[in-house]
Amino acid sequence: MDNLNAVIVGVGGQGTLLASRVLGRVALNLKKDVKVSEVHGMSQRGGSVTTYVRIGEKVYSPVVEQRSADYILAFEELEALRAAPYLKENGEIIVNTQKIAPLSVTTGAQEYPKTLETLKENADVTAIDALTLARQAGNERAVNTVLLGAFAKKLEIDEDIWREAIRECVPEKYLKANEKAFDLGYAS
Amino acid sequence: MELMLGNEAVARGAWEAGATVATAYPGTPSTEIIENAALLSEFYTEWSPNEKVALEVAIGASMAGARALCCMKHVGVNVAADPLFSAAYMGINGGLVLVCADDPGIHSSQNEQDSRYYAKSAHIPMLEPSDSAECLEFTKRAFEISEKYGAPVMVRLVTRVAHARGVTKTGKREKRALKTYRKEIDKFIMMTGFARKRHVFVEEREKRLVKDLKDLGLNRAEYADGAKIGVICSGSAYNYVKEALPNVSTLKLGVAHPLDKNMIKEFAENVETLYIVEELEPFIEEAVLAMGVKASGKDKTGVQGELFAGKIAELFDGKPDPGVWETPGIPARPPVLCAGCPHRAVFYVLSRLRFIVFGDIGCYTLGALDPLNAMDSEICMGASIGMAAGFEKARGAETAKRSVAVIGDSTFVHSGVTGLINVVYNKANTTVIILDNSTTGMTGHQPNPTTGETIRGEKTVQLNIERLCEAIGVPSVHVIDPFEIHDLESMIREETKKDGPSVIITRRPCALIDKNKKENAFAIDKEKCVVCGACVRIGCPAITREKDSVTIDAAQCVGCGLCAKICARSAISEVV
């Protein structure tokens, strides 16, 4: 892997920040330059959350721009669709097959759109039931590490470097479940 | 090497510079600076009640001979501007650095004002880092410059610098003794005679600094081979320019004020076409044009929002921008009041009453959105109370009988108190609802004077809001649990009817304070439910309306029971 533009999207509270930190840490351990753009503030309030990770020999901007993402890592289907314009030609989407209805849908004002079908028509999509795998791993909040496992399999980076990054970023008491979640994602 | 958040790098830079005092009021995107400083035991850190106090504490610490750091978001500088402008005259004893985080693109603010004008008009130096590594380095340099020239120094971040992680090299902490404090009334007291002399000092100080700018090494010309185009840029814009226009020469300005006009002139002479690429206001461009140098930029970029590489490549290099990130027709997902949020009950009642609601800054501003739609105004911290009084003074006392001001506990302490004193003093009839959720919610649950804890979780005296309101002279002060929704509605009706001011404190902790404390979820009895939609209208993310039914998502429900209380058919009950 020489350069990588990744967009990580989800709903506030799903753990996108941790995923972007682990990926950033992987880059650091590979002695690459890396920038991670995070979203703080209102992110806990259930809104759309977008973080960017850019890896290369020299990275200036922390922002992944439209049509320039190699990968989109989506924690929720609607957010995957919303992020699709970031994807560059031949880019890939890894999506957790979970639907979280926004308020306009729960109140009946709008319908939850067709997501997976639309995405698959337009891009290379890997769909994973990460919530089920996270539960298998013993912590349903480990959806993020399941997705990182699936992502790791696609990138040509030594698995041990990922494991090291997870150990560096995940608090001790959640580590075991997250390591298991990573394995399940990698094997999926 | 560390992968550090810009804000974390600022805290680390201050720590390495030997600073011992760090103060702030939370505000996105600046909050994490002090949160990171609080993890370093050498710092005294505090959440001050507002930015003005935060800066005053830092000024006092500087006067005492310590290096002091003060942090706030851009609009916070408006609050702190009073001490700032006179501290610029006074100068410093220990180094004094004010970090302010601007928010181009308005990710989490009420405007996108450009703080660079503060430095220019207060005549204090301002540094502008582009990434985390520079956040650390520039903060250290800011302390050095502060002490060398006797000036408070501002460091300006923007969201994409404050909230970006980058590879950062850390160093050791410099051991510093406190500087000696000597009484110098002609320096520390801004009486007219003294202030006039200090103003002369300010002008001379700036001249000295201008002379030394090149030697500071914070501005940097990068000439590209054979390039005819040159771009002057700073901060985040530098990052985008380097990506968008790799073949142009750049002049990166690490010092936003004072500008190094000699360096700008030299750079302009070395390029054929000169562009200035900066986010927000034409701060650099105006100065360059005033020098008589031919340049442009703002005619293309405008003054709004963030720039990004794609847009710059299109505007200055003719490369088509692939377009904006819009996915039309997809339901938006704005932030919402959480399941179990105590504010929901208040806004539900206010929307039923169809009152005019003067709002304030906090999570509860979300009460303005559908389906609650229960707010008429929100401009800045503390404004709700003053505006409610002004509205009444213009339209007559009867108006106060169908309007209220709503303000959070932290915002009330920040700058709502003075508004309430005004209400009493100037005989307005305002009813103020203080939404006391026992935390500063929106910025990530910081303690404040009403919570009885300091930034490091130590116990302290808890400000008693009701006694404060009584002391101000409010004749009618009540405390109520907002989830006693029927009593709350009666209370709001009664208090607004009364002549004279009233305060209703709706007290219930934020639903996120203890996420592990989960009550039994509620469920809807399909037999009893007539799908009237009343529970849907409280805007709870756990409640979903489907075609012929309404359901509660047990995983999201925190068991607050508000929906059950408003269901006329008693169709909602706790799952035991």
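## Confidence in the model

Chain B has a mean pLDDT of 96, with 98% of its residues at 70 or more; pLDDT is the predictor's confidence in each residue, from 0 to 100. For the complex, the predictor gives an ipTM of 0.95 and a pTM of 0.96.

This is a predicted model, in which local features need pLDDT of at least 70 and side-chain atom pairs count only at pLDDT 80 or more, while totals for chains, interfaces and linings use all residues. Residues are numbered from 1 along each chain as its sequence is written, chains are lettered from A in the order in which they are written, and side-chain values use heavy atoms, with hydrogens and water left out.

## A salt bridge in chain A

Across all chains, the whole structure holds 42 salt bridges (a side-chain nitrogen of Lys or Arg within 4 Å of a carboxyl oxygen of Asp or Glu). One of them joins A:Glu77 and A:Lys99, at 3.3 Å from N to O. A:Glu77 is buried, at 3% relative accessible area, whereas A:Lys99 is exposed, at 53% (buried means under 20%, exposed over 50%, partly exposed in between, with a 1.4 Å probe and protein chains only).

## Salt bridges in chain B

Let's turn to chain B. B:Arg67 pairs with B:Glu147, their closest N and O atoms being 2.9 Å apart. B:Arg67 is buried, with a relative accessible area of 7%, and B:Glu147 is buried too, at 18%.

Another salt bridge links B:Lys242 and B:Glu222, at 2.6 Å from N to O; both residues are buried. Salt bridges with shared partners also connect B:Asp102, B:Asp114, B:Arg116, B:Glu128, B:Arg156 and B:Glu278 in one network.
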